[in-house]
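Please look at the helix packing before reading the points below.

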Amino acid sequence: PQNALQFITDNKLSGVLVGGMAYSHHHIDRPNKTDVDFLTDDIEKVKESLARNSMIHAPLAGNDFGGIQVPELDADFLDANVGNAGLNRYLMDTSQMANIGGVKFKVADPSVLAIMKLTTGRPKDMEDAFGLFSIVDIEKLKNHVKNLEKYLPDDTDAETIISYAQAMRNAA
């Protein structure tokens, strides 16, 4: 993970930590984390930096987000301009700086990360969303949901997201 964070920092790339490491940063360590996931709004610049550093990459398999995997960094770079671009841009804009292993890096806001994970619908993402809902500030979540309403999929409405979060907070 450190190598990937350092690579992005050293190459001045636009990226926000999402996925299991972001979840672990906000909540608790998740077992079986494998790679590091970044959302970037300039996938071409990432590819150019990889080429300059003689690192290979491959397209991400079976994924609706576009992007590449980089075995040498044990990292995936998701293209913010593919998939739900409005939600992705909002996630990048609302990210927060964090110190991760001595490297200052942007990490997705926990509320926005939970919303993103809920909208993907994959079982692991749903689990992460509910875990994050148990720790987010409900008022902040309401504000983010309001700002993201136009980017939510048809089967996900603002009231449902807030009720999930309130239920998880009450259960925690």
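1. Helix H7 (residues 138-148) packs against helix H8 (residues 158-171) at an angle of about 165 degrees, and their axes lie 10 Å apart. H7 is therefore roughly antiparallel to H8 (over 145 degrees between N-to-C directions). Helices here are DSSP runs of H or I, at least four residues, numbered from the N terminus; axes are lines fitted to C-alpha atoms over the stretch in contact, and angles run from 0 to 180 degrees.

2. The model is predicted: local features need pLDDT of at least 70, side-chain atom pairs count only at pLDDT 80 or more, and totals for chains, interfaces and linings use all residues. Residues are numbered from 1 along each chain as its sequence is written, and side-chain values use heavy atoms, with hydrogens and water left out.

3. Which residues make the contact of H7 with H8? From H7 come Ile-138, Leu-141, Lys-142 and Val-145; from H8 come Ala-158, Ile-161, Ile-162, Ala-165, Gln-166 and Arg-169 (contact means heavy atoms within 4.5 Å). By class, seven are nonpolar, one is polar and two are charged.

4. Helix H4 (residues 85-93) and helix H5 (residues 110-120) pack at about 160 degrees, with axes 10 Å apart. H4 and H5 are therefore roughly antiparallel to each other.

5. On the H4 side, the contact is made by Leu-87, Asn-88, Tyr-90 and Leu-91, and on the H5 side by Val-112, Leu-113, Ile-115, Met-116 and Thr-119. Seven residues of this contact are nonpolar, two are polar and none is charged.

Terms used: Helices (H or I, at least four residues) and strands (E, at least two) are DSSP runs, numbered from the N terminus. Angles under 35 degrees count as roughly parallel, over 145 as roughly antiparallel, 65 to 115 as roughly perpendicular and the rest as oblique. Ala, Val, Leu, Ile, Met, Phe, Trp, Tyr, Cys and Pro count as nonpolar, Asp, Glu, Lys and Arg as charged, and the others, Gly among them, as polar.
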